[in-house]
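Here is a short tour of a two-part assembly for you to follow on screen. Let us begin with the packing inside and then move to the place where the chains meet.

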Amino acid sequence: MNAPNRHELFVLDDGEKGVEVIEDTKIPNAATFKIIKQDHTLGNMLRSQLLAMPSILFAGYKVPHPLEPYFILKIQTDGSITPTEALEQAGNALLKLISDLQAKFKAEFAYKDVEGVDGVAEDPYGALPSNMTTSAWGSSTRFYADYS
Amino acid sequence: MHPLVRDVLERSPQLSTKPVEIVLSDKNTGFPIVQHRSKGRSAFKRALRQPSVQVNPVANSQTTQPLSPFTTPQRTVFNDKSSYDDISASADAILANMTQEERAKGQEEIFEHFGDGILDTMEKLKLVRERRKNNSQPSVQVMNPQEAVLPSTETKQPRRKIRFLDPTESDIHVYEPSPSSPRRPLGLLLPPPDDPQEGENITSLKSYQTSSKKHMTSLGDLASSADDSDSPESIRRRFFPSEPRPEDHPSLVWMLSQPTSTDQALLDNLTSNEIRYSLSGVPLSPSEICELPTHMGLHHHASTSSALSSDAPAGYTLEDLLHLSRSSVPAQRVNILGVLGKTFRNTYTAMFSFEETPMRDVYLRVNLNEMRRNIFDSAVEAVVERGWIGQRAVDVLWEIIVGCTCAEMRLTDIESFPRVDLTTSSIPNSNTTLEAKSRSLLLNESSTFLATLPVQRLLLPLKSHLIANSLFNSPTYNAILDIIYILCHFANHAKILVEPNISSGIISTILEGHLSSNLEFDNDNPPNEKPIRILQALALSSRDVAQHLLGPADILLRYVTTMQDKLRLNSIHASMLRETLSFYASLMRYGLYANIVSTAHTHFILLLSNLRKYLLDDVVGATPLLSTYLEILELLIVCATNPHQITPQHDVVWSQIEAFGWIDQVFDLVDTLTRIPMTDGSSKEIELLWTRLFHVLAAWTEGAHVNCVRSGEEEKKKTIMKLRPHVLGGTLNISLRRALEQLSLQKANMDIFKLNSHIHLINAYLRLSLSSMLPDHRLPFDSFSQDLCEISRVVLRNPATFDIFQVIISTNVHQSLSEDLHLNIRSLSALLFLILRIRFLALDSPGAKILWFADALLILHTFLPGDQYFAKWIIQRICETFSWDLMLRILPETIHHPQRGLDILLPFWSGTFIPQVITIDDDEDNTRKPCYPNIWAISEDLSRITSLNLPSLSTLRRQWQAQDSTLIFPLRSTWTLWPLDHLLQSGNSFIFKTLSTNWDATEIEVVRTTLIFTQVVQQLNKQYPSNLTSLSVMAGSETIFTCMKVFMLEDDQGQLETGEVYRDPFVEECLSKLLSPFTLRNANKQTTDFTSGSLELASRSYLGKRIPFYQFYTNFLALYDSISFSHPLFAKLLLPPLSSSYPRDYRKLFFGDYAHVVPTIRTEPADILSSGIEEYLWPIEQDRQILGFFMNVLFKYSVHGFLRWFIIHHLSANIWSDMHPTLEDFNPNYSARLLRAIFSQDKMDTVKNMVLYHQTRANLITPPQCYQPDPKIIEIRKNLLENYDISLKEAFSNLIIQI
């Protein structure tokens, strides 16, 4: 119906900026960030990361409308750092966390090759039939219909 | 065995036969041996061949003979001497013919069959027989079935002695036959058996009352005697010394084994289904059920399985009656319908009368509504029948619909069914039924029952009965009219009644019957007013129904044309005419049918002149008719004032009023009235007529103000000139003075019913004074200005005045109030309003203005449904007159000043008081909001009124208690905040759809103005306290919810720069001031004002029934979580639902789903919104899940202020049993687990707090003292840890050492 195109949910338009900072004039050390083309995935992660930081007094986010692909993030700090710095730190911490996670995952995945039976790659669904030397995923030159 | 034995009796004794099979019976089983008759001889042949020796079973067989319940007692007494002699003679003859062997064999058989004791028995029997022969004739009690008699003990005493078996060890007891009424209770209740007087013992049951009284008194004797020793044995010894001891007598064994159960106890245990009724519809007492003889016709119910057995109880249960009322035998059906009717009448009479009758308790046990519905169903089935059944069914319906309703309302008859006139006083004598303008339905239980009756099923049969019984004043005809009259009072029935296709025209049937036979008014056959009264009741019910009645209205004009000169001849004519006129008045109240008076004006003017003459002759007789006439005249003028408000438009116009010279007629009447001398008997009537005249003239001057040149100055002057001399002297002066006197005499409490006529007169006078005021703004009849000041002082400053209004919506719903109190009270609120209007003319100083403002606010709370125009006038004046300068005098410490005046809020209030007549398309169930008439007719009202029936007092109170959002009057204390509601629902708000184009306020302006106005109103309420303060001052929960609403007004429509409404400094200031009285810090100062109602209840008037407060709170919390920047006020508002008086779902939501907001809330304990911290701290939280959330929050985040206290308190109380109020709930295992979890945490300060925290309910210790180490507590806890794990003990001692 009136749902936007899928790509509009994550592709920035020309000249559109991903993050917009609005300093709050009435509340000290507070700012509102408008983060475009992102949704709850990032919002919730950032919020919880921010709340874990000791210098944060308040962190909250909301998606004002489900069909508009942006969220606003409100941050207030105790003054030791600015909200922008806090967001940067939170972003960095998240990046570190996620890349750690990725590295760990990859490392674990690499062990799989080591532990596997020599010459016969193990399919996730078990050992391959003996007439197949490679995995069923792509590297085989034969089409499945050829077996018939 | 019984049937065989009975066979013996049936045969003639001369045959001297006996069933041989008994002798041949199998000894093991006792049953006869089966032998096919082809193998043996027939009984007849056997009897011929071998004459039997069995003699003795004759007596025996007699005693064991079962009797049908139809058996009358005398049949059972076997004392007929001749038959006995016959038997004995034949037995002797047989014996003589027997040989020795045969005799021996016979004896052997007898011994074998009856045991060894038979010899003794036979001897005793012989002795008895001889004694009886010698002594006297057996006294045979002959009972006459025609007289309802109780069996006397005379009958049973001799019989009891005919025993031939001694009650010794193994013998089988054989009871004598008895009538179906068992004898045990008789033995208890009746006088000793040796009473010589026969006749006096017989208790007649002719009327229930006497028998029940006798029964109750005998019960009383029993009770008193049982006081000494309440064993049945003592009773036996005292009253029945001749009876054998219970252990010797099998009939009395129950006295030993069972506890005594007196009749009363049985009565107490009776459930409503077990109540048995006699044929006159009276419940039978348990003893009567057992003892009543069968011939009274109470044992013939066949529905129960035991009906034919000898112990069938007497009487009919309701179920039996309902079953029998569908009998296919017409006579039975008629009778039973009659019994049902009587039963129901007895029940409701007993229920609604306060008299203490003996059986009232039994009646009260009946579920009246269920009974009513069941009987109604039976009657509806029967009403379709012709003849007697149908007529009897109509009678039953009358009891159900009319009789019960009247009884519930404590009315003596249907004539006095409440009809309260709004505009005039009621004439205080019994023979007049006032013309009804508006009346409320005063029924509680009945109303729900009656409102849901399936009327459609009734109408056709009723109509056929009407036609069949069209003879006037036949009981059935009148009963049907009564039934319809009651049904008319329910809006949904009224609609069905008038619709021609559904009802098959029952109303037109009534009218046709009525009119065709009513042309000749002869004295033999007086006309019946009931049909016209039905029309009127229909017209009152709703506008839609009234529109259907315009046809019949034309027909009734005949009374106006034909009867006007016969008034003095026959009072029935006058009352017919009055009913007709008041029916017209009801129609004109809706702005319908206004042209009738103009169309037939010659007749109406003739009628008026006739009435004038009549008045001179007989004031009392003419007043009811004349006052109704004047009412029509007033309505005519009101209709003509604005012809756009009537239906059809321009049906009457102002020029018609002027051209036909109505007012000259009225002035003539004024002259006539002044000539009438005032006597004690006629003062009330004269007062009423003056009231009416004032209203007519006031309507005229009001209309002239709109329709005539120079705002009707000429007309006003004319009125003043005409009336001034009468106000200054004469009967009018006397009446006015008396009314004022009466009013000022009332001090402590106000008898509104007595005062009403006086208040109405003063109201009419004040209304005329205001409407005929000339442009110089001076009251025209200045002689009373002094008295007016006095009156306003007396009425306004008398606490009793507002007491009455307070009572209307008092919290005690069950307090019994006169149901029409709220109708009578309207005159008083109108008086208060008029006084306010007059005082408004002379507001010169700011002080006077503020005082007026305070009074106006108070009077707003006295209004009830129908007073919307008064409320609108007041709010308009407030908005126009009161500038911020004035407001800030009331609130001097306000820092911020609003820029906009109160006028931006006026549409919200006046639009809610008087909703615009707009049909909203998207509203599916587009029912027009009910609109009730003003106390006197005003032209704006005419097209809006939906019904002339005001809601009943009980409905009103119910709606008030339930916080029904449709209820506007009486006003709630939160009425000043209505604009916020409309802002929150601006999409659906009807106000925003009807706002004028030049309304240009912004959201923030509306909020600011609303909040400061609310503050001003609350401040004034506190400065000028009255008895209505409890209604006008906002409770804590209401204030909290209001503030929540302000926070929910989030402003995120692309205006991120300006921020939310609550960030506005002005709004913030207002909110904190509104909330400050309800914080814990100020709780002690506000002991009386704070009523800590639940937020769930306070929110209902806004959220409605469908949306729970929990949902609102979820949104509120989510809003806080996302955008609040931990606003302190916002945070404060989150806390009230965490108290233990709310369900634990709130705590789960808060500490579970929104645990991350906990660290952002820094509210200190003194700032929380509560009347006492106890409601948060006790009872101790036991829910493991919530305790888990607490642990998580406490050790994951840094928690501050009140929440830290709250969490540590509940966790510590679950660890340390010294803080736990009851040790039963305390679980040491769980405590150990909690401790272990705590000691493993690394937040040392929190762990210390948990370990050292101590609290007592009696003497509250606030933070930080409660976290300080207390040696005593430490010692106690050390001891507590003795039973725990060693590692815990060590951890604890390590911790203590660190401290």
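In this predicted model, the largest nonpolar core has 353 residues, and I401(B), Y584(B) and F1150(B) have the most contacts inside it. Helix α34 of chain B, spanning residues 619–641, gives this core its largest share, 14 residues.

Chain A has two helices and four strands, which follow the pattern β-β-α-β-β-α along the sequence. Of the 148 residues in chain A, 26% are buried. The accessible surface of chain A is about 10,300 Å², with 57% belonging to carbon and sulfur atoms.

Now for the interface of chain A and chain B:

| Item | Value |
|---|---|
| Residues of chain A in contact with chain B | 20 residues |
| Residues of chain B in contact with chain A | 17 residues |
| Area buried between chain A and chain B | about 1,500 Å² |

Carbon and sulfur atoms account for 62% of the buried area. F58(A), K62(A) and K74(A) supply 36% of what chain A buries against chain B, more than any other three residues.

Which residue forms a salt bridge with D1121(B)? R47(A) does, with the closest N and O atoms 2.9 Å apart. Three residue pairs are in polar contact between the two chains. On the side of chain A that touches chain B, β3(A) gives the most, with six residues.

Definitions and conventions. Residues are numbered from 1 along each chain as its sequence is written. Chains are lettered from A and ligands numbered from 1 in the order in which they are written. This is a predicted model: local features need pLDDT of at least 70, side-chain atom pairs count only at pLDDT 80 or more; totals for chains, interfaces and linings use all residues. Side-chain values use heavy atoms; hydrogens and water are left out. A nonpolar core is a set of buried Ala, Val, Leu, Ile, Met, Phe, Trp, Tyr and Cys residues joined through side-chain atoms within 4.5 Å. Buried means under 20% relative accessible area, exposed over 50%, partly exposed in between (1.4 Å probe, protein chains only). Accessible areas come from the Shrake-Rupley method with a 1.4 Å probe; for residues, only the protein chains shown count as cover. Contact means heavy atoms within 4.5 Å. Buried area is the accessible area (1.4 Å probe) that two parts lose on being put together, summed over both. A salt bridge is a side-chain nitrogen of Lys or Arg within 4 Å of a carboxyl oxygen of Asp or Glu. A polar contact is a pair of N or O atoms within 3.5 Å; within protein, one must be able to donate a hydrogen and the other to accept it, and residues adjacent in sequence count only if both atoms are side-chain atoms.
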